[in-house]
Amino acid sequence: MNDTFSIKGKVAIVTGGGGVLGGSIAKHLISAGCKVVVLDIREENVNDRVEELKQMGGEAIGFVSNVLDVEEMKETRKKILDSWRTIDILINAAGGNMPGATLTEEQTVFDMKISDFEKVTDLNLNGSVYPCIVFGEVMANQGKGSIINVSSMSTLSAITRVPGYSVAKSGIDIFTKWLAMELGTKFGEKVRVNAISPGFFVGDQNRKVLINEDGSYTERSKKVLARTPMKRFGDINELNGIVQFLCSDAASFITGTIIPVDGGFSSFSGV
Ligand SMILES: NC(=O)c1ccc[n+]([C@@H]2O[C@H](COP(=O)([O-])OP(=O)(O)OC[C@H]3O[C@@H](n4cnc5c(N)ncnc54)[C@H](O)[C@@H]3O)[C@@H](O)[C@H]2O)c1
């Protein structure tokens, strides 16, 4: 049988595994035969997700862990290694925009609270950098592993209202390339780092800005879809293929890339 894309038996950590995107990826990894570690700051999210993964017949463990707390993650790392001895995959899906850091239609950048800017950049940049350091060290020392960060369309050209988020995700792009260089040159070709860049998917964080209460599209939605050749939003499950590919041997010569999954949004000028 052809197992080029197989990731069976690999130990995968999903930060933000209790959320929409991380949860969908965690379920896919279980269905592909991985052992999954769910990390999330919200206890209820962790417990519910682990239960769901186990009910799928998979092996899953979970930890309430803050991706901004390096010491706590080091303790979690020890517990993961005690249970499963290795870490093969890290998916950094903890993150997202925050209400205070998203400007309203009426606000300008001069109304932005600096504390909200700091919070959103901290979570969306350091919240992936720190797990890369804590869990990536295991991969570096064992000479193999695959890290996937989550970027955003807001890194390509300016998207209104989300300055902090855009800055942080742009940092993710260059950190992905930088870490790929660092680990590839110093720890061997089997330690790979890539990012996926989702286009527009309707999730808990952006539902209100994309969908009106009566179910119709907002003006913002219409602008997004006008620039999306496929003329629709993504289904969260449409990220699974690229994640499995990047974690598998099929991607053995791929590191430092940022791959859009966006229905063509990033390649279309809109004209
Ligand atoms: N949904 C989209 O359309 C979309 C598009 C582009 C990028 N993204 C990115 O994908 C990632 C996941 O987005 P989502 O839509 O699944 O969001 P989500 O809010 O559903 O999930 C995020 C999860 O991260 C957890 N989390 C938050 N802070 C944390 C912390 N400090 N430590 C540990 N866990 C923490 C939350 O509890 C939550 O379960 C984010 O980085 C987001 O920016 C999403």
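**Sheet order and helix packing**

Biologist: Which residue in β7 stands opposite S197?

Modeller: In this predicted model, strand β6 spans residues 191-198 and runs parallel to β7, the two being joined by four bridges. Within that pairing, the residue of β7 that stands opposite S197 is P260.

Biologist: Which are the edge strands of the sheet?

Modeller: The sheet is open and has seven strands with parallel pairing, in the order β3-β2-β1-β4-β5-β6-β7. An edge strand pairs on one side only, and this holds for β3 (60-64) and β7 (258-261).

Biologist: What angle does the direction of helix α1 make with that of β1?

Modeller: Helix α1 (residues 20-31) packs on the sheet, where its contacts are with β1 (11-15), β2 (35-40), β3, β4 (89-92), β5 (145-150) and β6. Taken against the direction of β1, that of α1 makes an angle of about 170 degrees.

Biologist: Which strands does helix α3 touch?

Modeller: Helix α3 (residues 70-84) packs on the sheet, and its direction makes about 165 degrees with that of β3. The strands that α3 touches are β1, β2 and β3.

Biologist: Why is helix α8 largely enclosed by the rest of the structure, and which of its residues are buried?

Modeller: Helix α8 covers residues 240-247, and because six of its eight residues are buried, the rest of the structure largely encloses it. The cover over these buried residues includes α1, β4, β5, β6 and β7. The buried residues of α8 are N240, I242, V243, Q244, L246 and C247.

Methods: Residues are numbered from 1 along each chain as its sequence is written. This is a predicted model: local features need pLDDT of at least 70, side-chain atom pairs count only at pLDDT 80 or more; totals for chains, interfaces and linings use all residues. Side-chain values use heavy atoms; hydrogens and water are left out. Two strands pair if DSSP finds at least two bridges between them. Contact means heavy atoms within 4.5 Å. Axes are lines fitted to C-alpha atoms, for helices over the stretch in contact, and angles run from 0 to 180 degrees between N-to-C directions. Buried means under 20% relative accessible area, exposed over 50%, partly exposed in between (1.4 Å probe, protein chains only).
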